[in-house]
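Student: I have a model open on my screen and I'd like to learn how to read it. Can we go through it feature by feature?

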Amino acid sequence: MMPVRVLAVASEVYPIVKTGGLADVAGALPMALKAHGVEMRTLMPGYPDVMRHLAGAGEVRRWPDYFGGPGRLLAGAHDGLDLFVLDVPHLYARPGNPYVTAEGLDWPDNGVRFAALSRVAADIGHGLVPAFVPDVVHAHDWQAGLAPAYLHYDNAPRPGTVMTIHNMAYQGKFAPELAGAIGLPRDAAFDVHGLEFFGGISFLKAGLQLADRITTVSPTYAREIQSDEGGMGLGGLLRERANVLSGILNGIDVSVWNPRTDPHIAYRFGADELSFRSANKAALQHRLGLDPRPHAFLLGVISRLSWQKGLDLLLEAMPVILGDGMQLALLGSGDADLQDRYQAAARAHPGRIAAVIGYDEALAHLIQAGSDALLVPSRFEPCGLTQLCALRYGAVPIVSRVGGLADTVDDAGEAGSAATGFTFGPVTPENLSAALERASFAFHDKPAWRALQLAGLATDVSWRNRAGEYAALYRDLMVSRRG
Ligand code: ADP
Ligand code: GLC
(Lines give C-alpha, C1' and ligand atoms only; values in the text may rest on other atoms or scores of the structure.)
(Ligands and ions follow the chains in the order given, each with its own letter.)
Protein backbone atom coordinates (compact mmCIF):
# COMPACT_ATOMS: atom_id res chain seq x y z
CA MET A 1 0.00 0.00 0.00
CA MET A 2 1.48 3.35 -1.06
CA PRO A 3 1.73 5.50 2.11
CA VAL A 4 -0.02 8.86 1.88
CA ARG A 5 0.41 11.97 3.99
CA VAL A 6 -2.60 14.20 4.31
CA LEU A 7 -3.00 17.56 6.02
CA ALA A 8 -6.62 17.96 7.09
CA VAL A 9 -7.83 21.49 7.84
CA ALA A 10 -10.84 21.86 10.12
CA SER A 11 -12.24 24.59 12.34
CA GLU A 12 -13.51 22.12 14.96
CA VAL A 13 -12.32 18.67 16.05
CA TYR A 14 -13.96 16.32 18.58
CA PRO A 15 -13.21 15.91 21.50
CA ILE A 16 -11.50 19.32 21.70
CA VAL A 17 -13.96 21.75 20.11
CA LYS A 18 -17.37 20.82 18.72
CA THR A 19 -20.47 22.63 17.51
CA GLY A 20 -21.76 19.91 15.18
CA GLY A 21 -21.03 16.86 13.09
CA LEU A 22 -17.98 18.38 11.38
CA ALA A 23 -16.07 17.97 14.65
CA ASP A 24 -17.12 14.33 14.93
CA VAL A 25 -15.90 13.64 11.39
CA ALA A 26 -12.64 15.56 11.78
CA GLY A 27 -11.98 13.73 15.07
CA ALA A 28 -12.76 10.20 13.92
CA LEU A 29 -11.55 10.03 10.31
CA PRO A 30 -7.78 10.30 11.03
CA MET A 31 -7.87 7.22 13.30
CA ALA A 32 -9.83 5.20 10.78
CA LEU A 33 -7.45 6.21 7.97
CA LYS A 34 -4.46 4.71 9.77
CA ALA A 35 -5.64 1.22 8.81
CA HIS A 36 -5.60 2.35 5.17
CA GLY A 37 -2.00 3.56 5.21
CA VAL A 38 -2.91 7.25 5.46
CA GLU A 39 -0.98 9.43 7.89
CA MET A 40 -3.19 12.40 8.63
CA ARG A 41 -2.40 15.51 10.64
CA THR A 42 -5.10 18.03 11.35
CA LEU A 43 -4.61 21.79 11.44
CA MET A 44 -6.99 23.75 13.66
CA PRO A 45 -7.15 27.23 15.20
CA GLY A 46 -5.75 27.77 18.70
CA TYR A 47 -9.00 28.59 20.50
CA PRO A 48 -8.72 28.65 24.31
CA ASP A 49 -10.01 25.05 24.60
CA VAL A 50 -7.41 23.88 22.10
CA MET A 51 -4.58 25.62 23.94
CA ARG A 52 -5.73 24.00 27.18
CA HIS A 53 -5.79 20.51 25.66
CA LEU A 54 -2.43 20.96 23.94
CA ALA A 55 -0.44 22.49 26.76
CA GLY A 56 2.59 20.36 25.87
CA ALA A 57 2.65 21.11 22.13
CA GLY A 58 5.97 22.21 20.61
CA GLU A 59 6.56 25.38 18.62
CA VAL A 60 7.38 24.79 14.95
CA ARG A 61 7.30 28.33 13.73
CA ARG A 62 6.88 31.85 15.11
CA TRP A 63 5.84 35.07 13.33
CA PRO A 64 6.09 38.57 14.85
CA ASP A 65 3.14 39.66 12.72
CA TYR A 66 0.69 37.09 11.44
CA PHE A 67 -2.36 38.84 9.99
CA GLY A 68 -2.00 41.74 12.44
CA GLY A 69 -0.44 40.25 15.58
CA PRO A 70 2.07 37.71 16.81
CA GLY A 71 1.46 34.08 15.88
CA ARG A 72 2.90 30.61 16.28
CA LEU A 73 2.44 27.21 14.70
CA LEU A 74 2.49 24.36 17.21
CA ALA A 75 2.65 20.60 16.69
CA GLY A 76 1.22 18.22 19.25
CA ALA A 77 -1.13 15.36 19.91
CA HIS A 78 -4.32 14.79 21.84
CA ASP A 79 -6.24 11.57 22.34
CA GLY A 80 -4.48 9.86 19.43
CA LEU A 81 -4.93 12.82 17.05
CA ASP A 82 -1.85 14.44 15.52
CA LEU A 83 -2.45 18.15 15.35
CA PHE A 84 -1.03 21.40 14.09
CA VAL A 85 -2.41 24.35 16.02
CA LEU A 86 -2.31 27.90 14.72
CA ASP A 87 -1.92 29.96 17.86
CA VAL A 88 -2.70 33.56 16.95
CA PRO A 89 -4.20 35.12 20.08
CA HIS A 90 -5.62 38.25 18.46
CA LEU A 91 -7.67 36.02 16.14
CA TYR A 92 -8.59 32.98 18.24
CA ALA A 93 -8.17 33.66 21.98
CA ARG A 94 -11.87 34.28 22.49
CA PRO A 95 -14.17 32.30 24.79
CA GLY A 96 -17.29 30.40 23.71
CA ASN A 97 -18.47 29.37 20.27
CA PRO A 98 -15.70 29.40 17.64
CA TYR A 99 -17.65 31.42 15.08
CA VAL A 100 -19.96 33.82 16.88
CA THR A 101 -19.97 36.34 19.71
CA ALA A 102 -21.85 35.84 22.98
CA GLU A 103 -24.76 37.67 21.30
CA GLY A 104 -24.78 35.08 18.51
CA LEU A 105 -23.40 37.37 15.78
CA ASP A 106 -20.58 36.32 13.43
CA TRP A 107 -17.26 37.75 14.59
CA PRO A 108 -16.69 40.72 12.25
CA ASP A 109 -13.17 39.51 11.42
CA ASN A 110 -14.17 35.92 10.56
CA GLY A 111 -12.83 36.44 7.04
CA VAL A 112 -9.35 37.18 8.35
CA ARG A 113 -9.56 34.52 11.09
CA PHE A 114 -10.17 31.70 8.64
CA ALA A 115 -8.00 33.12 5.85
CA ALA A 116 -5.13 32.91 8.33
CA LEU A 117 -5.91 29.24 8.95
CA SER A 118 -5.96 28.47 5.23
CA ARG A 119 -2.79 30.48 4.58
CA VAL A 120 -0.77 28.36 6.99
CA ALA A 121 -2.34 25.19 5.55
CA ALA A 122 -1.05 26.19 2.13
CA ASP A 123 2.38 26.92 3.57
CA ILE A 124 2.52 23.51 5.22
CA GLY A 125 1.57 22.20 1.77
CA HIS A 126 4.64 23.98 0.36
CA GLY A 127 6.92 22.38 2.95
CA LEU A 128 6.91 24.81 5.91
CA VAL A 129 7.33 21.84 8.25
CA PRO A 130 10.01 19.59 6.74
CA ALA A 131 9.01 16.67 9.00
CA PHE A 132 5.52 16.66 7.50
CA VAL A 133 5.18 17.55 3.84
CA PRO A 134 1.71 16.44 2.75
CA ASP A 135 0.81 14.73 -0.52
CA VAL A 136 -2.73 16.06 -0.17
CA VAL A 137 -4.34 18.99 1.62
CA HIS A 138 -7.92 18.17 2.63
CA ALA A 139 -10.07 21.21 3.46
CA HIS A 140 -13.34 20.91 5.41
CA ASP A 141 -16.11 23.48 4.90
CA TRP A 142 -15.83 27.20 4.17
CA GLN A 143 -13.48 27.91 7.06
CA ALA A 144 -10.80 25.95 5.18
CA GLY A 145 -12.03 26.84 1.69
CA LEU A 146 -9.18 29.22 0.93
CA ALA A 147 -6.52 26.54 1.41
CA PRO A 148 -6.99 25.20 -2.14
CA ALA A 149 -7.22 28.81 -3.37
CA TYR A 150 -3.89 29.90 -1.84
CA LEU A 151 -2.24 26.74 -3.18
CA HIS A 152 -3.65 27.48 -6.62
CA TYR A 153 -2.62 31.14 -6.77
CA ASP A 154 0.81 30.59 -5.18
CA ASN A 155 1.94 29.22 -8.53
CA ALA A 156 4.46 26.77 -7.09
CA PRO A 157 4.69 22.98 -6.98
CA ARG A 158 1.92 21.91 -4.66
CA PRO A 159 0.15 18.90 -3.14
CA GLY A 160 -3.23 17.69 -4.39
CA THR A 161 -6.29 19.36 -2.87
CA VAL A 162 -9.66 18.03 -1.73
CA MET A 163 -12.58 20.20 -0.63
CA THR A 164 -15.28 18.53 1.47
CA ILE A 165 -18.71 20.10 1.86
CA HIS A 166 -20.39 19.33 5.18
CA ASN A 167 -23.07 21.93 4.68
CA MET A 168 -23.88 24.02 1.63
CA ALA A 169 -25.74 26.57 3.75
CA TYR A 170 -22.58 28.05 5.23
CA GLN A 171 -20.60 29.67 2.44
CA GLY A 172 -18.19 32.13 4.08
CA LYS A 173 -19.26 35.25 2.15
CA PHE A 174 -17.32 38.50 2.46
CA ALA A 175 -16.75 41.81 0.66
CA PRO A 176 -14.46 41.60 -2.41
CA GLU A 177 -11.96 44.05 -0.87
CA LEU A 178 -10.97 41.35 1.62
CA ALA A 179 -9.09 39.42 -1.09
CA GLY A 180 -6.20 41.91 -1.26
CA ALA A 181 -6.01 42.23 2.52
CA ILE A 182 -5.54 38.48 2.97
CA GLY A 183 -2.91 38.14 0.29
CA LEU A 184 -4.95 36.79 -2.60
CA PRO A 185 -4.80 38.39 -6.06
CA ARG A 186 -7.31 41.26 -6.20
CA ASP A 187 -8.41 40.14 -9.68
CA ALA A 188 -9.48 36.78 -8.24
CA ALA A 189 -12.20 38.60 -6.29
CA PHE A 190 -13.88 39.60 -9.55
CA ASP A 191 -13.23 36.38 -11.46
CA VAL A 192 -16.16 33.95 -11.70
CA HIS A 193 -13.60 31.19 -12.06
CA GLY A 194 -11.92 32.41 -8.88
CA LEU A 195 -13.43 33.77 -5.67
CA GLU A 196 -16.25 35.91 -7.07
CA PHE A 197 -19.74 35.03 -5.86
CA PHE A 198 -22.73 37.31 -6.50
CA GLY A 199 -20.64 40.46 -6.31
CA GLY A 200 -18.69 39.39 -3.21
CA ILE A 201 -16.31 36.57 -2.48
CA SER A 202 -17.10 33.19 -0.94
CA PHE A 203 -14.53 30.98 0.75
CA LEU A 204 -16.60 27.87 0.05
CA LYS A 205 -16.97 28.80 -3.60
CA ALA A 206 -13.22 29.36 -3.82
CA GLY A 207 -12.57 25.86 -2.52
CA LEU A 208 -15.14 24.28 -4.81
CA GLN A 209 -13.79 26.13 -7.82
CA LEU A 210 -10.09 25.55 -7.21
CA ALA A 211 -9.70 22.20 -5.41
CA ASP A 212 -8.68 19.18 -7.49
CA ARG A 213 -11.46 17.05 -6.00
CA ILE A 214 -14.72 17.79 -4.24
CA THR A 215 -16.51 15.48 -1.86
CA THR A 216 -19.60 15.73 0.24
CA VAL A 217 -20.86 13.51 3.00
CA SER A 218 -23.44 11.33 1.25
CA PRO A 219 -24.18 10.22 -2.32
CA THR A 220 -27.70 11.65 -2.24
CA TYR A 221 -26.48 15.06 -1.05
CA ALA A 222 -23.86 14.96 -3.82
CA ARG A 223 -26.76 14.78 -6.29
CA GLU A 224 -29.00 17.27 -4.48
CA ILE A 225 -26.38 20.04 -4.43
CA GLN A 226 -26.11 19.92 -8.20
CA SER A 227 -29.65 21.31 -8.42
CA ASP A 228 -30.38 25.02 -8.25
CA GLU A 229 -32.30 24.63 -5.00
CA GLY A 230 -29.93 22.27 -3.18
CA GLY A 231 -26.85 24.07 -4.51
CA MET A 232 -27.83 27.31 -2.80
CA GLY A 233 -26.24 29.38 -5.56
CA LEU A 234 -23.45 26.92 -6.32
CA GLY A 235 -25.44 24.27 -8.21
CA GLY A 236 -24.17 25.45 -11.61
CA LEU A 237 -20.54 25.29 -10.51
CA LEU A 238 -21.06 21.82 -9.08
CA ARG A 239 -22.74 20.62 -12.28
CA GLU A 240 -19.72 21.85 -14.22
CA ARG A 241 -17.39 20.03 -11.84
CA ALA A 242 -19.51 16.89 -11.53
CA ASN A 243 -16.64 14.76 -12.88
CA VAL A 244 -14.55 15.50 -9.76
CA LEU A 245 -17.43 15.47 -7.25
CA SER A 246 -18.34 12.42 -5.17
CA GLY A 247 -20.34 11.55 -2.06
CA ILE A 248 -18.72 9.53 0.72
CA LEU A 249 -20.98 8.65 3.63
CA ASN A 250 -19.93 9.61 7.13
CA GLY A 251 -19.42 7.01 9.81
CA ILE A 252 -19.42 7.44 13.58
CA ASP A 253 -16.77 6.62 16.15
CA VAL A 254 -18.04 3.25 17.32
CA SER A 255 -15.85 3.33 20.41
CA VAL A 256 -17.45 6.59 21.60
CA TRP A 257 -20.90 5.30 20.57
CA ASN A 258 -20.94 1.79 21.98
CA PRO A 259 -23.96 0.72 24.06
CA ARG A 260 -21.96 -2.15 25.58
CA THR A 261 -19.41 0.19 27.21
CA ASP A 262 -21.09 3.63 27.25
CA PRO A 263 -20.30 5.36 30.59
CA HIS A 264 -23.15 7.86 30.16
CA ILE A 265 -26.09 5.45 30.15
CA ALA A 266 -27.94 3.86 33.03
CA TYR A 267 -27.73 0.29 31.77
CA ARG A 268 -25.28 -1.04 29.18
CA PHE A 269 -26.53 -3.56 26.64
CA GLY A 270 -25.70 -5.56 23.53
CA ALA A 271 -27.81 -6.87 20.64
CA ASP A 272 -28.92 -9.90 22.65
CA GLU A 273 -30.01 -7.75 25.59
CA LEU A 274 -32.33 -5.22 23.96
CA SER A 275 -34.88 -5.65 26.73
CA PHE A 276 -32.41 -3.91 29.06
CA ARG A 277 -33.07 -0.72 27.12
CA SER A 278 -36.18 -0.37 29.29
CA ALA A 279 -33.91 0.56 32.23
CA ASN A 280 -32.46 3.39 30.15
CA LYS A 281 -35.94 4.48 29.13
CA ALA A 282 -37.00 4.65 32.77
CA ALA A 283 -33.83 6.60 33.64
CA LEU A 284 -34.47 9.04 30.80
CA GLN A 285 -38.11 9.55 31.82
CA HIS A 286 -37.03 10.13 35.41
CA ARG A 287 -34.23 12.53 34.48
CA LEU A 288 -36.49 14.65 32.27
CA GLY A 289 -39.61 14.52 34.40
CA LEU A 290 -41.58 12.48 31.88
CA ASP A 291 -44.32 10.19 33.22
CA PRO A 292 -42.81 6.81 34.13
CA ARG A 293 -44.79 4.88 31.53
CA PRO A 294 -42.86 1.89 30.12
CA HIS A 295 -45.29 1.41 27.23
CA ALA A 296 -45.54 5.01 26.02
CA PHE A 297 -43.86 5.47 22.61
CA LEU A 298 -40.92 7.73 23.54
CA LEU A 299 -39.45 9.88 20.76
CA GLY A 300 -35.98 11.40 21.08
CA VAL A 301 -34.47 14.42 19.30
CA ILE A 302 -30.83 15.58 19.58
CA SER A 303 -30.23 18.53 17.34
CA ARG A 304 -29.13 22.02 16.56
CA LEU A 305 -32.34 24.06 16.43
CA SER A 306 -32.14 25.60 12.97
CA TRP A 307 -34.35 25.83 9.88
CA GLN A 308 -32.33 22.99 8.32
CA LYS A 309 -33.44 20.51 10.97
CA GLY A 310 -37.21 20.91 10.36
CA LEU A 311 -38.07 21.03 14.05
CA ASP A 312 -40.70 23.72 13.47
CA LEU A 313 -42.55 21.02 11.51
CA LEU A 314 -42.43 18.76 14.53
CA LEU A 315 -44.18 21.45 16.58
CA GLU A 316 -46.94 21.37 13.97
CA ALA A 317 -47.15 17.58 14.35
CA MET A 318 -47.67 17.94 18.11
CA PRO A 319 -51.37 16.94 17.93
CA VAL A 320 -50.35 13.46 16.75
CA ILE A 321 -47.79 13.10 19.54
CA LEU A 322 -50.28 14.18 22.19
CA GLY A 323 -53.32 12.42 20.70
CA ASP A 324 -51.52 9.12 20.32
CA GLY A 325 -50.08 8.99 23.85
CA MET A 326 -46.47 9.46 22.72
CA GLN A 327 -43.75 11.21 24.72
CA LEU A 328 -41.04 13.53 23.40
CA ALA A 329 -37.54 14.08 24.82
CA LEU A 330 -35.79 16.92 22.97
CA LEU A 331 -32.22 18.09 23.54
CA GLY A 332 -31.09 21.03 21.46
CA SER A 333 -30.00 24.60 21.17
CA GLY A 334 -29.99 27.25 18.51
CA ASP A 335 -32.71 29.61 17.23
CA ALA A 336 -34.19 31.53 20.14
CA ASP A 337 -37.70 31.24 18.69
CA LEU A 338 -37.55 27.44 18.50
CA GLN A 339 -36.03 27.21 21.98
CA ASP A 340 -38.93 29.27 23.34
CA ARG A 341 -41.57 27.27 21.49
CA TYR A 342 -40.24 23.93 22.74
CA GLN A 343 -39.98 25.20 26.29
CA ALA A 344 -43.56 26.45 26.06
CA ALA A 345 -44.71 23.04 24.75
CA ALA A 346 -42.96 21.34 27.66
CA ARG A 347 -44.64 23.69 30.16
CA ALA A 348 -48.03 23.09 28.57
CA HIS A 349 -47.67 19.29 28.57
CA PRO A 350 -45.64 18.24 31.60
CA GLY A 351 -44.93 14.53 31.76
CA ARG A 352 -45.43 14.24 28.01
CA ILE A 353 -43.02 16.71 26.42
CA ALA A 354 -39.55 17.48 27.79
CA ALA A 355 -37.21 20.05 26.25
CA VAL A 356 -33.66 20.50 27.47
CA ILE A 357 -32.13 23.58 25.91
CA GLY A 358 -28.36 23.41 25.81
CA TYR A 359 -25.51 21.17 24.79
CA ASP A 360 -25.15 18.01 26.88
CA GLU A 361 -23.09 15.13 25.59
CA ALA A 362 -23.99 12.70 28.40
CA LEU A 363 -27.71 13.33 27.94
CA ALA A 364 -27.35 12.79 24.18
CA HIS A 365 -26.09 9.27 24.94
CA LEU A 366 -28.94 8.56 27.36
CA ILE A 367 -31.51 9.73 24.80
CA GLN A 368 -30.04 7.33 22.24
CA ALA A 369 -30.15 4.47 24.75
CA GLY A 370 -33.55 5.25 26.24
CA SER A 371 -35.85 6.51 23.49
CA ASP A 372 -37.83 4.09 21.37
CA ALA A 373 -37.36 6.13 18.21
CA LEU A 374 -35.06 8.97 17.18
CA LEU A 375 -36.54 11.68 15.03
CA VAL A 376 -34.68 13.68 12.34
CA PRO A 377 -37.21 15.63 10.21
CA SER A 378 -34.62 17.75 8.35
CA ARG A 379 -35.46 19.86 5.31
CA PHE A 380 -31.99 19.03 4.02
CA GLU A 381 -29.27 16.92 5.63
CA PRO A 382 -25.82 16.47 4.10
CA CYS A 383 -25.32 13.27 6.09
CA GLY A 384 -26.59 13.43 9.67
CA LEU A 385 -24.93 11.51 12.46
CA THR A 386 -27.61 11.12 15.13
CA GLN A 387 -29.55 8.59 13.04
CA LEU A 388 -26.34 6.52 12.75
CA CYS A 389 -25.90 6.55 16.54
CA ALA A 390 -29.58 5.62 16.86
CA LEU A 391 -29.15 2.57 14.60
CA ARG A 392 -26.37 1.39 16.88
CA TYR A 393 -28.37 1.99 20.07
CA GLY A 394 -31.64 0.34 19.06
CA ALA A 395 -33.55 3.64 18.81
CA VAL A 396 -35.45 3.25 15.53
CA PRO A 397 -34.86 6.29 13.29
CA ILE A 398 -37.77 8.24 11.83
CA VAL A 399 -36.25 10.56 9.22
CA SER A 400 -37.09 12.69 6.22
CA ARG A 401 -36.02 11.19 2.89
CA VAL A 402 -33.27 13.70 2.08
CA GLY A 403 -29.47 13.66 1.79
CA GLY A 404 -27.64 11.21 4.00
CA LEU A 405 -30.82 10.34 5.88
CA ALA A 406 -32.18 8.74 2.70
CA ASP A 407 -28.90 6.86 2.26
CA THR A 408 -28.72 5.42 5.78
CA VAL A 409 -32.28 4.51 6.81
CA ASP A 410 -34.40 1.91 4.99
CA ASP A 411 -38.14 2.32 5.32
CA ALA A 412 -40.25 -0.35 7.02
CA GLY A 413 -42.91 -0.18 4.33
CA GLU A 414 -40.49 -0.66 1.46
CA ALA A 415 -37.37 -2.50 2.55
CA GLY A 416 -38.91 -5.71 3.95
CA SER A 417 -36.59 -7.59 6.28
CA ALA A 418 -33.77 -5.10 5.59
CA ALA A 419 -35.85 -2.23 7.01
CA THR A 420 -34.23 -0.19 9.77
CA GLY A 421 -36.67 2.69 10.31
CA PHE A 422 -39.24 5.05 8.83
CA THR A 423 -38.69 7.63 6.11
CA PHE A 424 -41.02 10.29 4.77
CA GLY A 425 -41.10 12.89 2.02
CA PRO A 426 -41.73 15.51 0.82
CA VAL A 427 -40.92 17.18 4.13
CA THR A 428 -44.29 18.50 5.37
CA PRO A 429 -46.01 18.37 8.77
CA GLU A 430 -48.63 16.03 7.27
CA ASN A 431 -46.07 13.51 6.02
CA LEU A 432 -44.17 13.73 9.29
CA SER A 433 -47.39 13.08 11.21
CA ALA A 434 -48.16 10.08 9.01
CA ALA A 435 -44.68 8.66 9.60
CA LEU A 436 -45.12 9.09 13.36
CA GLU A 437 -48.42 7.22 13.20
CA ARG A 438 -46.90 4.40 11.17
CA ALA A 439 -44.03 4.10 13.61
CA SER A 440 -46.32 4.17 16.64
CA PHE A 441 -48.41 1.38 15.12
CA ALA A 442 -45.29 -0.72 14.49
CA PHE A 443 -44.02 -0.03 18.01
CA HIS A 444 -46.98 -1.85 19.46
CA ASP A 445 -46.18 -4.93 17.33
CA LYS A 446 -43.25 -6.17 19.45
CA PRO A 447 -41.71 -8.74 17.05
CA ALA A 448 -41.87 -6.28 14.14
CA TRP A 449 -40.25 -3.56 16.26
CA ARG A 450 -37.50 -5.89 17.47
CA ALA A 451 -36.75 -6.85 13.84
CA LEU A 452 -36.26 -3.16 13.00
CA GLN A 453 -33.97 -2.69 15.99
CA LEU A 454 -31.90 -5.75 15.16
CA ALA A 455 -31.52 -4.72 11.52
CA GLY A 456 -30.33 -1.33 12.78
CA LEU A 457 -27.81 -2.90 15.13
CA ALA A 458 -26.52 -5.07 12.28
CA THR A 459 -25.91 -2.01 10.05
CA ASP A 460 -22.27 -0.99 9.66
CA VAL A 461 -22.16 2.65 10.75
CA SER A 462 -18.42 2.66 11.48
CA TRP A 463 -15.72 4.54 9.62
CA ARG A 464 -13.89 1.35 8.62
CA ASN A 465 -15.01 1.03 5.01
CA ARG A 466 -15.87 4.67 4.47
CA ALA A 467 -12.36 5.74 5.44
CA GLY A 468 -11.18 3.40 2.68
CA GLU A 469 -13.08 5.51 0.16
CA TYR A 470 -11.16 8.62 1.26
CA ALA A 471 -7.89 6.68 1.12
CA ALA A 472 -8.68 5.57 -2.43
CA LEU A 473 -9.53 9.15 -3.39
CA TYR A 474 -6.21 10.50 -2.02
CA ARG A 475 -4.23 7.82 -3.87
CA ASP A 476 -6.13 8.37 -7.08
CA LEU A 477 -5.44 12.09 -6.84
CA MET A 478 -1.71 11.51 -6.30
CA VAL A 479 -1.51 9.19 -9.28
CA SER A 480 -3.44 11.52 -11.57
CA ARG A 481 -1.28 14.51 -10.59
CA ARG A 482 1.91 12.58 -11.24
CA GLY A 483 0.59 11.14 -14.49
P1 ADP B 1 -25.07 18.88 12.33
O2 ADP B 1 -23.62 18.74 12.12
O3 ADP B 1 -25.80 19.44 11.17
O4 ADP B 1 -25.41 19.59 13.59
P5 ADP B 1 -25.03 15.97 12.69
O6 ADP B 1 -26.16 15.03 12.92
O7 ADP B 1 -24.08 15.65 11.63
O8 ADP B 1 -25.69 17.41 12.50
O9 ADP B 1 -24.12 16.08 13.99
C10 ADP B 1 -24.58 16.60 15.19
C11 ADP B 1 -23.67 16.12 16.31
O12 ADP B 1 -23.83 16.98 17.42
C13 ADP B 1 -24.01 14.73 16.80
O14 ADP B 1 -22.83 14.15 17.32
C15 ADP B 1 -25.00 15.02 17.94
O16 ADP B 1 -25.07 13.99 18.89
C17 ADP B 1 -24.43 16.28 18.51
N18 ADP B 1 -25.41 17.20 19.12
C19 ADP B 1 -26.26 18.02 18.48
N20 ADP B 1 -26.95 18.78 19.35
C21 ADP B 1 -26.52 18.41 20.58
C22 ADP B 1 -26.84 18.83 21.91
N23 ADP B 1 -27.75 19.78 22.14
N24 ADP B 1 -26.20 18.24 22.94
C25 ADP B 1 -25.27 17.27 22.70
N26 ADP B 1 -24.93 16.85 21.49
C27 ADP B 1 -25.54 17.40 20.44
C1 GLC C 1 -22.94 19.11 8.73
C2 GLC C 1 -24.27 18.55 8.30
C3 GLC C 1 -24.53 17.15 8.76
C4 GLC C 1 -23.29 16.28 8.64
C5 GLC C 1 -22.12 16.95 9.36
C6 GLC C 1 -20.83 16.13 9.28
O7 GLC C 1 -22.98 19.86 9.88
O8 GLC C 1 -25.34 19.40 8.65
O9 GLC C 1 -25.56 16.57 7.98
O10 GLC C 1 -23.52 15.00 9.21
O11 GLC C 1 -21.87 18.18 8.78
O12 GLC C 1 -20.48 15.84 7.95
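This is a predicted model: local features need pLDDT of at least 70, side-chain atom pairs count only at pLDDT 80 or more; totals for chains, interfaces and linings use all residues.

Student: Okay, let me try the numbering on a loop. Where is P426 found?

Tutor: P426 is in the loop between strand 18 (422-424) and helix 18 (429-443).

Student: Which peptide bond into P15 is cis?

Tutor: The one from Y14 to P15, where omega is near 10°. P15 is in the loop between strand 1 (4-9) and helix 1.

Student: Let's zoom out. Which domains does the assignment give for the protein chain?

Tutor: With domains, read the ranges carefully. Domain 1 is written as two stretches, 4-251 + 464-482, and domain 2 is 271-457. Their C-alpha centres lie 33 Å apart.

Student: How many residues does each domain bring to the contact?

Tutor: Domain 1 gives 20 residues and domain 2 gives 16. The area buried between domain 1 and domain 2 is about 1300 Å², with 58% of that from carbon and sulfur atoms. On the domain 1 side, T220, Y221 and L249 supply 25% of the area buried against domain 2, more than any other three residues.

Student: What about charges and polar pairs? How many salt bridges does the rule find across the interface of domain 1 and domain 2?

Tutor: The rule finds 0 salt bridges there. For that rule, a side-chain nitrogen of Lys or Arg has to be within 4 Å of a carboxyl oxygen of Asp or Glu. Polar contacts are another matter: between domain 1 and domain 2 there are 7 residue pairs in polar contact.

Student: Which elements give two or more residues to the side of domain 1 that touches domain 2?

Tutor: Helix 1 (21-34) and helix 8 (219-224) do. Helix 8 gives the most, with 4 residues. By type, the residues on that side of domain 1 divide into 8 nonpolar, 8 polar and 4 charged.

Student: Now the ligands. Which residues come nearest to ligand 1?

Tutor: With a ligand, list the neighbours before you look at individual atoms. Ligand 1 has 18 residues around it, and G21, D24, R304, K309 and G358 come nearest. Then go to the atom pairs: a polar side-chain atom of D24 is 2.8 Å from an oxygen atom of ligand 1. The side chain of K18 also has an N or O atom 2.9 Å from an oxygen atom of ligand 1. For D360, a backbone N or O atom is 3.0 Å from a nitrogen atom of the ligand.

Student: And how many residues surround ligand 2?

Tutor: There are 14, and the closest are H166, N250, E381, C383 and G384. N250 uses its side chain, with an N or O atom 2.8 Å from an oxygen atom of ligand 2. At G384, a backbone N or O atom lies 2.8 Å from an oxygen atom of ligand 2. P382 also has a backbone N or O atom 3.4 Å from an oxygen atom of that ligand.

Note on methods: Residues are numbered from 1 along each chain as its sequence is written. Chains are lettered from A and ligands numbered from 1 in the order in which they are written. Side-chain values use heavy atoms; hydrogens and water are left out. Domain bounds come from an automatic or database domain assignment. Contact means heavy atoms within 4.5 Å. Buried area is the accessible area (1.4 Å probe) that two parts lose on being put together, summed over both. A polar contact is a pair of N or O atoms within 3.5 Å; within protein, one must be able to donate a hydrogen and the other to accept it, and residues adjacent in sequence count only if both atoms are side-chain atoms. Ala, Val, Leu, Ile, Met, Phe, Trp, Tyr, Cys and Pro count as nonpolar, Asp, Glu, Lys and Arg as charged, and the others, Gly among them, as polar. A residue is near a molecule or strand if one of its heavy atoms lies within 4 Å of it.
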